[in-house]
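Subject: Structure handover

Dear colleague,

Here is the structure you will be working with.

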Amino acid sequence: GLGEARPAELPAAETLYAHRVLGLGDDEERLLAAAEGELRGLGIRPRRMLCGRSERLLTPDGPVAVRSLLVDGMGAEAGRLLQARGLGEGRCWGCGVFIPHKAVV
């Protein structure tokens, strides 16, 4: 078997990356504006955000546009909150899930 589950604290990280973000807009400007609004609602004010290219994800409701998103310079506690909460829709498909990323220079 897999053994017993053990809780672990989310790592403190000021730079986070999500491979796919869904439900925040199809184009880059709309995605960044929607992401900024959702982050503000969580009390997170990053120094900058960078989008990756758009992809299509097949869902039970049909194909949808997703983009990667890097969020940088938000402080360690805000990084923990974003890892715990995620961003946008589609968590059941792995969208909006953030992981620590190396610092952006």
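Which residues gather in a patch of negative charge on the surface? They are D26, D27, E28 and E29. A patch takes residues with over 30% relative accessible area and no salt bridge, and joins like charges within 9 Å (nonpolar side chains, namely Val, Leu, Ile, Met, Phe, Trp and Tyr, within 5 Å). Asp and Glu count as negative and Lys and Arg as positive, with His and the chain ends not counted. The place of a charge is NZ of Lys, CZ of Arg, CG of Asp or CD of Glu. Areas come from the Shrake-Rupley method with a 1.4 Å probe, and for residues only the protein chains shown count as cover.

This is a predicted model, in which local features need pLDDT of at least 70 and side-chain atom pairs count only at pLDDT 80 or more, while totals for chains, interfaces and linings use all residues. Residues are numbered from 1 along each chain as its sequence is written, and side-chain values use heavy atoms, leaving out hydrogens and water.

E29 belongs to helix 1, residues 28–41. Helices (H or I, at least four residues) and strands (E, at least two) are DSSP runs numbered from the N terminus.

Salt bridges

The structure holds six salt bridges, each a side-chain nitrogen of Lys or Arg within 4 Å of a carboxyl oxygen of Asp or Glu. One of them joins E36 and R40 at 3.0 Å, N to O. Both lie in helix 1, four residues apart, or about one turn of the helix.

D72 has a salt bridge with R47 at 2.5 Å, N to O. R47 sits in the loop between helix 1 and strand 2 (48–59) and D72 in strand 3 (residues 62–72), so the pair ties together parts 25 residues apart in sequence. D72 is buried, at 2%, whereas R47 is exposed, at 57%.

D72 also meets R48 in a salt bridge at 3.3 Å, N to O. Here strand 3 is linked to strand 2, with the two residues 24 apart.

Cysteines

A search of the whole structure finds zero disulfides (pairs of cysteine sulfur atoms within 2.5 Å). For C92, the nearest cysteine sulfur is that of C95, 8.1 Å away. C92 is exposed at 69% relative accessibility, while C95 is buried at 0%.

Regards

Notes. Buried means under 20% relative accessible area, exposed over 50%, partly exposed in between (1.4 Å probe, protein chains only).
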